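Please read it beside the sequence and the structure.

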Amino acid sequence: MVADNASHNRASAEAVDAAAGQGQVAQMRRGVLPYCVLAMLRDGERYGFELVQALGAVDGMVTSQGTIYPLLARLRRQGLVGTSWRESNAGPPRRYYHLTAAGRGALAGFSRDWAQLREGVDALLTRSRTGKEGTP
Amino acid sequence: MTDDQLAAAYLRRLRRAARGLPRARRKELLDEIADHIAQARAAGVAPLPDVLCGLGDPEEIAAAAGPVRGARPGVAGAAAIALLLFGGFIFLVGWFAGLVLLWVSPRWRWPDKLLGTLVWPGGYAAIPLLAVIGPAGHTSEVCGGGAGRPTVCTSTGASGMPGWLEVLLLVITVLAPAAMAIRLVYSARRVAGNAESLLPEPMHG
């Protein structure tokens, strides 16, 4: 019984660790998502549904596609994307999103920051791995 | 359940979840999600349950739409402030209800909660009470008068405070809860604003 409890506690502690790790990854994903949205608009305007479909197709990028619409609204309020309504040949007019100059600047800034961060993290991860391998 | 009913049920849930959003933002969100569902159905890329599953929980979507309470203290916040001020008149129970609303609310941080609690316990209902048991209550009236002379009363506080100081204290006592209420309204706004900025902000340069 005591042993059971101990193993149960350990198991739940591991589960908590795993959940915390996943939470952090989810948080990182949330952090970079706005820039991924901006990046998808770099080559021209897209309408919401198309954008959401494309982002949803990237594996592990978006867990609930519906949250991209509020994100787009926020980017618009921040002046990073602009919108325009276009008639579509089928159905009601569609709202198209495009990058503004500010959005382009933010994307360029993030691209630099991201490259730097990625290099730094990669260097640390690789070093610790080789360190482990170095001690037989 | 038909696809139409399924879609309608999903949108109803979203509308409910988004109730706290400012009206324009809520309408826009509902329109966009409804549009997404319509386009997904028209494109026929996936069965509707999969489309809705891909969209995610309505509650999660509504939460992503930002601070659910917008820039206003909200109904519960307004009720907390009103009850703190005047709830005491409802058999004092009302003030305690306001106190509970104040402390459970995420709108305020603890210094504001403490302020709301201490200025004044019981709210406006307590002020007459304070006047009775406070220094002002201990005024001794000396009335001189008698036959043929008008009655003249002079009152001095037991603490020996001059009358003007007592009036000043009374004014402060009366104004303090109003000032507290104004401060709570503003700090609730600030917390709502912070909730917005907690979402990832773009870095420039």
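## Salt bridges

A salt bridge is a side-chain nitrogen of Lys or Arg within 4 Å of a carboxyl oxygen of Asp or Glu. By that rule, nine salt bridges are found over all chains in this predicted model, and three of them are counted between chain A and chain B.

Within chain A, Arg86(A) and Glu45(A) pair through their side chains at 2.4 Å, N to O. This pair links distant parts of the chain, 41 residues apart: Arg86(A) belongs to strand E2 (residues 81-86), and Glu45(A) to the loop between helix H1 (2-40) and strand E1 (46-47). Helices (H or I, at least four residues) and strands (E, at least two) are DSSP runs, numbered from the N terminus. Glu32(B) and Arg95(A) also form a salt bridge with their side chains, at 3.3 Å, N to O.

## Basis and confidence

This is a predicted model in which local features need pLDDT of at least 70 and side-chain atom pairs count only at pLDDT 80 or more, while totals for chains, interfaces and linings use all residues. Residues are numbered from 1 along each chain as its sequence is written, chains are lettered from A and ligands numbered from 1 in the order in which they are written, and side-chain values use heavy atoms, with hydrogens and water left out.

The model scores ipTM 0.75 and pTM 0.56. Chain A has a mean pLDDT (the predictor's confidence in each residue, from 0 to 100) of 82, with 78% of its residues at 70 or more. Within chain A, confidence is lowest in H1(A), at a mean of 71, and highest in H3(A), at 93.

Chain B averages a pLDDT of 77, and 73% of its residues score at least 70. In chain B the pLDDT is below 50 over residues 136-142, a stretch that has 19 contacts (heavy atoms within 4.5 Å) beyond near neighbours in sequence. Residues 193-205 of chain B also have pLDDT below 50, with 27 such contacts in the model.

## Contact between the chains

Which chain brings 30 residues to the contact, and which brings 25? Chain A brings 30 and chain B brings 25. The size of an interface is often given as the accessible area lost when the parts come together. Buried area is the accessible area (1.4 Å probe) that two parts lose on being put together, summed over both. Here chain A and chain B bury about 2,300 Å² between them, with 54% of it on carbon and sulfur atoms. On the chain A side, Phe49(A), Tyr69(A) and Arg74(A) lose the most area to chain B, together 23% of what that side buries.

## The largest cavity

On a 1 Å grid over the protein atoms alone, a cavity is a set of points where a 1.4 Å probe fits but cannot get out; lining residues have an atom within 4 Å of a point. Grid points are joined across faces, edges and corners, and a volume is the space filled by probe spheres set on the points. The structure holds two cavities of 30 Å³ or more, and the largest has a volume of about 80 Å³.

The lining of the largest cavity includes Tyr69(A) and Arg77(A) from chain A, and Glu32(B) and Ala65(B) from chain B. Helix H3 (68-77) of chain A and helix H2 (23-43) of chain B each supply at least two lining residues.

## Backbone details

The peptide bond from Val119(B) to Trp120(B) is cis, with omega near -25°. Trp120(B) sits in the loop between helix H7 (110-118) and helix H8 (126-133) of chain B.

How values were computed. On a 1 Å grid over the protein atoms alone, a cavity is a set of points where a 1.4 Å probe fits but cannot get out, and a pocket is an open set with protein on both sides within 12 Å along at least five of seven lines; lining residues have an atom within 4 Å of a point.
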